[in-house]
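Welcome, and please take a moment to look at the sequence and the structure below. We will then walk through some of its strands, loops and domains together.

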Amino acid sequence: MPESSYAMLAVDDALRLVLTHAPRLTPTRLPLRALSGRVLAEEIVSTEAIPPFAAAAKDGYAVLAADGPGWRRLAGEQLAGYVSNVQVTSGSVVRITTGSPLPPGADAVVMVEQTQERDGLVEIQTAVSPLADVRPVGMDLAVGQRVLTAGQRLGPAEIGLLASLGHEAALVFPAPRVAVLSTGDELREPGDPLGPGQIRDSNRFSLMAAVQEAGGEPLDLGVARDRPGELEARVREGLQAADTLVTSGGVSMGQLDLLKPLLAMQGAVHFGRVNMKPGKPLTFATLAGKPVFALPGFPVSSLVAFELFVRPALLQMQGRADLTRPEVTVRLAHLVHHDPQRWEFVRAVVRRVGDDLVAATTGSQSSGRLLSMVGANALLRLPPGAGEMPPGAAATALWLGNDFLH
Ligand code: AMP
Ligand code: MG
């Protein structure tokens with residue numbers, strides 16, 4: 001059997017090489033609406049106090065605390081959003097709504113539930129201390145406070161904070177644009193009828209979804225036929241438009257597996273084989289400084305290779321610090337056969353049983369069987385060895401983390 005001329009790399013070494021060649025993208029300023037999930041590339045210090053004025057925390061009456069309970073004259077009304085020309089003096093109160101500026105003279109708010117109002121008079125039914133139900137200036141945020149740091153991932157709270165401080169945009173690492181190309185003469189679009197020997201392109205759609213799930217922006221490059229000129233044109237097109245390129249198919253040992261020689265001619269191939277199953281022919285190159293992932297064609301191989309290599313690269317490019325999935329130790333629910341020579345990544349469903357995490361595999365692990373990935377919440381990472389593990393054996397699982405363990 002002819003052997004590939006590419007050295008077989010260990011999974012960890014291959015990942016290290018990928019990360020060396022997938023640097024962070026240049027930060028860019030994006031508007032609030034485009035910030036969800038992005039990583040901040042600057043420090044944010046508050047230049048305003050929140051609240052900016054002493055504000056009522058309840059609907060009720062602004063009072064002078066020292067007046068205590070009793071009947072008072074209603075001197076006027078203060079609503080949120082402007083400053084009315086009213087004042088609280090001893091013996092009078094002002095009707096006030098939540099978020100309104102406290103009128104001059106008042107030092108506390110009595111909530112409406114502890115009052116009654118009749119004929120221009122208000123009965124205050126409780127004693128309050130000064131500042132009761134008042135949010136003083138800067139109570140939630142003081143001027144000069146460091147509120148967000150570079151490297152922090154922006155979610156709803158962080159974005160709200162930016163808005164509340166008057167930022168319309170922030171400097172962040174952008175979403176990597178990822179061109180996705182399928183290769184193969186046999187591939188048809190999902191909506192097209194199949195001729196003899198043809199199958200539907202599924203990789204492009206699963207990989208574009210995986211790109212999105214990893215925070216990237218997929219660019220659809222379509223399907224390239226197995227012709228050197230066509231492949232070369234698509235690869236060039238992809239790299240012009242995107243930060244990185246992901247292809248599938250055309251990296252095994254067939255005579256129309258044209259990707260490796262093309263990438264070697266156009267750039268530098270860093271590895272062309274990885275000691276893993278599925279996904280052994282995974283190929284990684286850089287062309288004009290941009291990372292190119294030539295994933296194997298089988299649908300499961302391409303997705304597992306994406307998970308182990310492309311996803312960490314995309315996370316690093318967008319400034320994320322945690323690049324790999326959390327690992328958990330699981331117990332096998334049944335006998336598991338695995339590859340004695342290569343690290344095998346077995347799709348599994350992990351459930352909590354008492355204090356244990358128990359993993360059942362998803363059935364046949366054939367690399368063409370996408371059903372083996374459907375519903376999987378973990379990848380068991382099984383080392384080479386005896387080739388089978390008994391029920392109850394401990395194994396390491398990469399937690400894919402879509403659903404909480406239950
Ligand atoms: P290859 O490495 O190009 O020989 O592809 C390996 C296997 O994966 C073959 O059975 C291909 O038909 C299949 N394959 C390649 N690309 C795709 C794709 N985009 N969608 C579904 N199957 C594919
Ligand atoms: Mg092919």
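Let us begin with strand β7, which is joined to strand β8 (residues 92-96) by 5 bridges, the two running parallel. Here helices (H or I, at least four residues) and strands (E, at least two) are DSSP runs, numbered from the N terminus, and two strands pair if DSSP finds at least two bridges between them. Across from Gln-78 you will find Ile-96 in β8. Strand β7 (residues 70-78) also pairs with strand β11 (residues 121-124), this time in the antiparallel sense over 4 bridges. There, Arg-73 has Leu-121 of β11 as its bridge partner.

Before going on, a word about what you are looking at: this is a predicted model, in which local features need pLDDT of at least 70 and side-chain atom pairs count only at pLDDT 80 or more, while totals for chains, interfaces and linings use all residues. Residues are numbered from 1 along each chain as its sequence is written, chains are lettered from A and ligands numbered from 1 in the order in which they are written, and side-chain values use heavy atoms, with hydrogens and water left out.

Now step back to the whole chain. Its domain assignment gives domain 1 (8-25 + 175-317), domain 2 (28-49 + 140-173), domain 3 (55-135) and domain 4 (327-399); such bounds come from an automatic or database domain assignment.

Next comes an open sheet of 3 strands, with the order β2-β14-β3 and antiparallel pairing. Its edge strands are β2 (28-31) and β3 (39-40), each of which pairs on one side only. Between β2 and strand β14 (residues 169-173), which run antiparallel, there are 4 bridges. Look for Thr-28, which stands opposite Val-172 in β14.

How do domain 1 and domain 4 meet? In this pair, 15 residues of domain 1 are in contact (heavy atoms within 4.5 Å) with 16 residues of domain 4. Taken over C-alpha atoms, the centres of domain 1 and domain 4 are 25 Å apart. The size of an interface is often given as the accessible area lost when the parts come together. Between domain 1 and domain 4 the buried area is about 1,300 Å², with carbon and sulfur atoms giving 71% of it; this is the accessible area (1.4 Å probe) that two parts lose on being put together, summed over both. Asn-275, Lys-277 and Val-300 supply 43% of the area that domain 1 buries against domain 4, more than any other three residues.

Between domain 1 and domain 4 there are 0 salt bridges, a salt bridge being a side-chain nitrogen of Lys or Arg within 4 Å of a carboxyl oxygen of Asp or Glu. On the side of domain 1 that touches domain 4, β22 (276-277) and α6 (299-317) each supply at least two residues. Helix α6 gives the most to this side, with 7 residues.

Salt bridges do occur in the model, and by the same rule the count comes to 21. In one of them the side chains of Arg-204 and Glu-189 meet at 3.1 Å, N to O. This pair links distant parts of the chain, 15 residues apart: Arg-204 is in helix α3 (residues 203-213), and Glu-189 is in the loop between β16 (187-188) and β17 (199-200).

Finally, let us visit some details of the backbone. Most residues other than glycine have a negative phi, and most peptide bonds are trans. A cis peptide bond joins Ile-50 to Pro-51, with omega about -5 degrees, and Pro-51 sits in the loop between β4 (44-45) and β5 (55-56). Lys-277 and Pro-278 are also joined by a cis peptide bond, with omega about -5 degrees; Pro-278 lies in the loop between β22 and β23 (283-287). Asp-133, although not a glycine, has a positive phi of about 50 degrees, and its place is in the loop between β11 and β12 (134-135).
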